[in-house]
Amino acid sequence: MTESMEIYPQPKKFEMRKGRAALSADFELRVQGERAESISAQVRLEQRLRAAVERLTDAESSFGISASAATNVDVIHDPALHPQGYRLSWDGGALTVASSEAQGLHYAVVTLEQMMARHGAVWDGYLIEDEPDFPVRGLMLDIGRNKIPKTDILRGLIDTLSELKMNHLQLYIEGFSFDYPSYRESFPEATPITAEEFRELDLYAKERFVDLVPNQNCFGHMGPWLAKPEFRELAEHPDGMPTPLSFKLPPLTLDPTDERSIALVRKMFDELLPHFSSGYANVNMDEPFGLGTGRSKPRADEIGVGRVYLEFAEKVFEAVRKHGKQILMWGDIVTKHEEIIPLLPKDVTVLDWNYESHTSFEAHCKLLSENGVPFYVCPGTSAWSAITGRTDNMLANIEDAARNGLSFGAGGLIVTDWGDSGHWQPLVASYPAYAYAAGSSWGVLNNADRHDAMEQYVSDCMLRDRKGIAGGLLLELGRYNRLEQSTLENMTYASYLLNRGLSTRVKLEEETDQIIRLFAQIGGRGIPFKLDYRYEEMLAWLERREEELSRLKPDLSDGDIVVEELANALRLIRQGAGLHRFIFRIDLPDARSELAWLRALRGELSTAIEEFKRLWLLRNREGGLSASTSNLYRLLGQYEDEIRALEEQVEQSSRPE
């Protein structure tokens with residue numbers, strides 16, 4: 001081991017000491033005291049160490065293991081250490097592992113496992129003293145918009161979080177992502193996670209020191225429920241929410257003044273919460289669009305929109321407290337209606353979310369901190385509505401969250417991975433964000449500036465790429481938006497274009513400006529649509545990424561699938577570029593050239609759709625697939641219509657006069 005040895009997240013303290021020797025495949029575990037024995041058993045210490053050493057023994061020729069004597073492993077209970085902290089030392093003869101709680105010992109073993117996997121068994125002497133900046137470090141993955149992973153994928157995700165020293169996982173639910181027994185007949189098309197599956201995941205996560213926190217939206221984001229005739233009358237706007245434009249939004253928000261709304265919410269929580277051992281539940285309650293403008297307007301006129309929100313929230317809180325849970329909730333409404341902040345119950349932790357790097361977490365962190373409100377900072381992966389992500393935004397957004405969260409006393413950092421616009425991004429596209437959020441929340445000062453260390457960890461440990469190109473490739477795949485030069489927020493232009501469909505340049509620009517004005521009504525900045533698309537540069541970028549991807553060989557059981565997922569993501573980005581070319585008529589001077597180009601796009605899109613479906617079903621449940629691909633199929637149909645029109649036009653122009 002050398003001073004340049006990589007450990008990620010980088011520990012708080014790392015010192016080189018004298019002594020150099022190899023770990024032995026034969027070691028003696030020496031546990032000092034009953035408390036240490038109890039902690040050791042909870043962590044399955046001996047089992048995990050033996051497994052890690054056996055993996056090294058299998059690779060003996062690579063690592064040059066030559067220990068001549070058994071290695072002593074001394075396990076010490078040190079109550080002075082942070083509950084999640086640990087101390088490791090190696091003097092060439094004995095390995096000392098100290099912790100005050102089982103979670104700290106778990107992170108010590110995670111560090112040892114990573115050191116063995118990345119650097120082998122021959123170590124110089126060292127001392128590591130480490131503990132996290134944020135008590136809660138985790139991920140919220142959207143399973144409410146189309147894509148519900150199979151349970152083996154979720155178990156793998158839990159393993160990934162544990163190896164990153166993350167300790168919190170939420171699976172975001174809207175619609176029928178959970179199998180509510182009372183409402184199965186209303187959602188026959190769904191393929192939800194069952195109660196038994198959640199109980200099994202809960203136990204699996206608990207054994208790996210990950211808190212699986214139940215998550216159920218129950219105010220806004222109720223569109224899938226309110227689309228059903230039997231629930232429609234519970235909506236704030238049963239006939240759709242008026243907008244400044246010529247159309248209405250579908251019913252999305254419950255009417256908080258209708259007692260049937262809270263009755264539905266109580267039933268949902270009664271059927272969901274008993275299957276989780278966590279002491280927390282996320283009730284969400286974000287983005288109740290149209291609140292106070294429909295059926296709750298009389299009450300809002302009387303007491304204000306903020307108070308109407310809080311009245312309903314208090315009923316939800318009580319429904320959750322009945323199950324012995326403390327409450328997590330998104331902070332967009334309470335930070336907008338500051339008058340209700342002093343009225344928040346003390347058992348409510350506010351999740352302050354922000355996903356754009358142009359806006360800092362500072363103002364909201366300061367507001368919540370000054371009012372004594374417990375809060376977490378929640379940046380995003382920037383992967384949704386982006387196919388392969390928006391790397392630059394992701395890095396800046398997570399770093400800002402970590403630095404301001406630490407400065408103002410946030411209790412946690414939760415990185416969010418949403419499923420907007422069809423949930424087209426493969427899970428692997430979010431790996432750099434998971435790793436960077438893990439590092440930055442474990443130790444801001446040691447890890448927030450270490451993009452290189454995060455990139456190498458993704459290559460070495462997440463994708464096990466011996467060539468070391470995987471991390472850099474994933475980061476670069478999220479930078480194609482640099483060549484789009486679009487003012488669209490929270491998405492890439494390619495994703496937007498593919499979801500929006502075939503158009504003319506004039507129509508695209510006019511309607512996009514209208515949509516931006518609508519977004520401004522619900523929280524967007526309202527910046528006029530501008531575009532400086534670098535088409536030729538985009539083609540060159542795609543060729544370079546496809547060449548790099550052809551050299552990627554992850555040493556994983558599903559390594560081939562990972563490569564195929566990324567290849568199809570590039571197909572979609574290429575499709576977006578091709579669609580842009582057609583809409584803006586780049587080097588398409590006549591109907592014949594347009595026809596030839598559209599035929600090519602049709603064939604490529606058909607291939608991309610079929611591959612998308614095949615890959616989806618390898619990792620995810622079938623329910624939601626048709627919704628996810630609906631806009632792609634719509635675009636394919638538009639191609640067919642336009643091709644027929646162009647064929648007729650070309651045929652007419654070919655006829656003799």
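Guide: Contact here means heavy atoms within 4.5 Å. Helices (H or I, at least four residues) and strands (E, at least two) are DSSP runs, numbered from the N terminus. This is a predicted model: local features need pLDDT of at least 70, side-chain atom pairs count only at pLDDT 80 or more, and totals for chains, interfaces and linings use all residues. Residues are numbered from 1 along each chain as its sequence is written, and side-chain values use heavy atoms, with hydrogens and water left out.

Visitor: Which residues in H18 meet H23?

Guide: Leu498, Asn499 and Arg500 in H18 meet Asn631, Arg634 and Leu635 in H23.

Visitor: At what angle do the axes of H18 and H23 cross?

Guide: Roughly 65°, and the axes come within 7 Å. Axes are lines fitted to C-alpha atoms, for helices over the stretch in contact, and angles run from 0 to 180 degrees between N-to-C directions. H18 is therefore roughly perpendicular to H23 (65 to 115 degrees).

Visitor: New topic. Where is Phe209 found?

Guide: In the loop between helix H6 (195–207) and strand S9 (211–213).

Visitor: Is Phe209 buried or exposed?

Guide: Phe209 is buried, with a relative accessible area of 16%. Buried means under 20% relative accessible area (1.4 Å probe, protein chains only).

Visitor: What about Asn146, where does that lie?

Guide: Asn146 lies in the loop between strand S7 (136–142) and H5. Asn146 has a positive phi of about 75°, although it is not a glycine.

Visitor: Which peptide bond is cis?

Guide: The one from Tyr8 to Pro9, with omega near -5°. Pro9 sits in the segment before strand S1 (13–22).

Definitions and conventions: Parallel < 35°, antiparallel > 145°, perpendicular 65-115°, else oblique. Buried < 20%, exposed > 50% of the residue type's maximum accessible area, 1.4 Å probe, protein only.
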